[in-house]
Structure formats: C-alpha cells, structure tokens
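The sequence and model come next, followed by the points by topic.

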Amino acid sequence: MSKLIREFDAGVQGAALLGGKSSEGLLFTSGHKVLLQDLAEGTIRTLGDGYDLPSSIIATPDGQSLLVVDLDPAEGHFVLYAASLSDAHRRHARALLRARGRPTQLAVHGTTLFYADRSTGRLSAVDLAALRERGLADTPRSSKAREKSEALAGHPRTLFEGLVSPVGLLVAPDGRRVYVSESKPGRIVSIGLDDGSRTVERLGLAEPQYLTLGTRKHAVLVPLYRGAGSVQSWEPATDKVETLVEMSQADRPFAAWEIGRNLVAVDRHRIHW
C-alpha cells in the first residue's frame, strides 16, 4: 500500500495530468484560474486567468494545448475553450463550443472529446477537428449576446442517456468502450461505442470519482469519496481490486494518478503525493 508523504493546500475544481505517465505536472483549475503544479518541486504557476468558473480540464494528446470547461451555473450552460499551454488566459483562448449542461471529467481519444453531463445523465462525444474548423466567437455574457450565440452552439452527439450522477470518464485503450463512474449509486458502468450497450462493471463503491489509467497494464485507478478517502486499482479484465492508499476521514479524493512508483491524489482542498 502506498503512503502519501507530501501535500499542498489548494482549492481544486478540476484536475488532469500533463504528459501522461512521464508527467510534466498536474493541471488544475482553482477560482478563475488554470494552474500547473510541478510535482517534483511542488511549485505552482498560473497558466491562465479570467474564466468564470473553470472546472474540467484536459491536455490535448500533443501536450501543446488545453481544453477547459468554463461553467455558467446560473444559466446551466458551459463554454469549452481551447487554450495554448504557454498562454491559457481566457482572453486569448478560443471558444469551441457553447452548450447546456455540467460536464465532469473529460477524456480525449483520437480527435474525439468525451464527457458526461452530471445534470442530464448524458454521455456525449464532440468532434474536436470539426469544432476547430468552425470555432465559436467568445461573446459577452449578456443575455442578448448569449441568445445570439446559441444559434452557433455546437451539437454534441449523445452516445447514451440515463446515467445517474456521472463523474469519472475513461476511454478504454482500444477505443471500444467508455467507463463511467456514477457517484451516488456507487457503481462503474461501461458503454459500448459501437452499439451503445451498457454493462454494469462494479457495484457497492463509496462514491467513485475520476477514472484514470494506472501504471499496470489496463489497470484503472478509482478514488472513493465517501467515508475515509481511499484509492483503488481495478483491472476490468480480471476484476482484480487492490487498495493503493487509505486516507483520513477529512480527505475526499476525486482524482488520482500513478507516476512511476509514486501516487498523486487530489481532493477539493489539497493535492497529496
């Protein structure tokens, strides 16, 4: 079992690893900002500012750009921005999509972005290449400007409906299924991308959160939010489960990554590694 020996206090709204298993750092959103933490030194630098409520974030496969979900909870909308890693300020970011909903964890496979909408229970896919070709002007947030922009808003493709409080999202390495954690029912399901079939993979979990790939082949890391926080490693092919770390009653991890022999766990108030 792993032991977390360092921590950094930060209000975290969303997080993603930059650089995969050979991590270049931890991306996270906090307040109105997009930040990057160096996990070797613990230092943090601001990549971008000026967002309303940035939540979900992910780096593109080439590691040069970021995709940031900026929420407008009052209106029930979000804007998906593409921003350069070297300058992720909202004023320089490109608005790709404006749509209704509240996406949680983002996943990219090829040129497709996947997200689950916590408010509607839909699993959706967006063609990033098509969005970049078209784009969407970032308009002022007045009601009239918002109404006009709705006509330009993208139309994500719905893959599945009926998810219950979805949080985590992970595309299988072969691209054939998407794993989704449903926090309140305490389960993980998978959705077939060819036929839209739904399979219940795990039950009885204490509010599972983000789903990420572990260092072992095809292993999935599953942070559990309720009770004393913990992080499990789960192998879908064999259903083998191992607890990697048990945390205190005060810790509520929502995301975790293995980097070499180290484990990084993120909760809403601090980053542990």
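A search of the whole structure finds 10 salt bridges, a salt bridge being a side-chain nitrogen of Lys or Arg within 4 Å of a carboxyl oxygen of Asp or Glu. This is a predicted model, in which local features need pLDDT of at least 70 and side-chain atom pairs count only at pLDDT 80 or more, while totals for chains, interfaces and linings use all residues. Residues are numbered from 1 along each chain as its sequence is written, and side-chain values use heavy atoms, with hydrogens and water left out.

**Salt bridges**

- Asp 52 and Arg 90 form a salt bridge, with the closest N and O atoms 3.5 Å apart. Asp 52 is in the loop between β5 (44-48) and β6 (54-59) and Arg 90 in the loop between β8 (77-84) and β9 (94-100), so the bridge ties together parts 38 residues apart in sequence. Strands here are DSSP runs (E, at least two residues), numbered from the N terminus.
- Asp 52 is partly exposed at 33% relative accessibility, whereas Arg 90 is buried at 16%. Buried means under 20% relative accessible area, exposed over 50%, and partly exposed in between (1.4 Å probe, protein chains only).
- Between Glu 161 and Arg 122, the closest N and O atoms of the salt bridge are 3.1 Å apart. This pair links distant parts of the chain, 39 residues apart: Glu 161 sits in the loop between β13 (157-160) and β14 (166-171), and Arg 122 in strand β12 (residues 122-127).
- Glu 161 counts as exposed at 51% relative accessibility; Arg 122 is partly exposed at 33%.
- Lys 184 and Glu 207 form a salt bridge with the closest N and O atoms 3.9 Å apart. Lys 184 belongs to the loop between β15 (177-182) and β16 (187-192) and Glu 207 to the loop between β17 (198-202) and β18 (212-213), so parts 23 residues apart in sequence are tied together.
- Lys 184 is exposed, at 55%, and Glu 207 is buried, at 15% relative accessibility.

**The β1-β24-β23-β22 sheet**

- An open sheet of 4 strands has the order β1-β24-β23-β22, with antiparallel pairing; two strands pair if DSSP finds at least two bridges between them.
- Its edge strands, each pairing on one side only, are β1 (7-9) and β22 (253-259).
- β22 and β23 pair over 6 bridges in the antiparallel sense, and Trp 257 stands opposite Val 264 in β23.
- The hairpin of β22 and β23 has 2 residues between the strands, and Gly 260 takes a positive phi near 65° in it.
- Because 7 of the 7 residues of β22 are buried, this strand is largely enclosed by the rest of the structure.
- Strands β23 (residues 262-267) and β24 (residues 270-272) run antiparallel and are joined by 2 bridges. Ala 265 has His 272 in β24 as its bridge partner.

**Aromatic contacts**

- There are 4 aromatic pairs. Rings of Phe, Tyr and Trp (its six-membered ring) pair if their centres lie within 6.5 Å; planes under 30 degrees apart count as stacked, over 60 as edge-to-face and the rest as tilted.
- Phe 78 and Tyr 115 are edge-to-face, because their ring centres are 5.6 Å apart and their planes at 75°. Phe 78 is buried at 2% relative accessible area, and Tyr 115 is buried at 5%.
- Tyr 179 and Trp 234 form another edge-to-face pair, 5.7 Å centre to centre with 85° between the planes.
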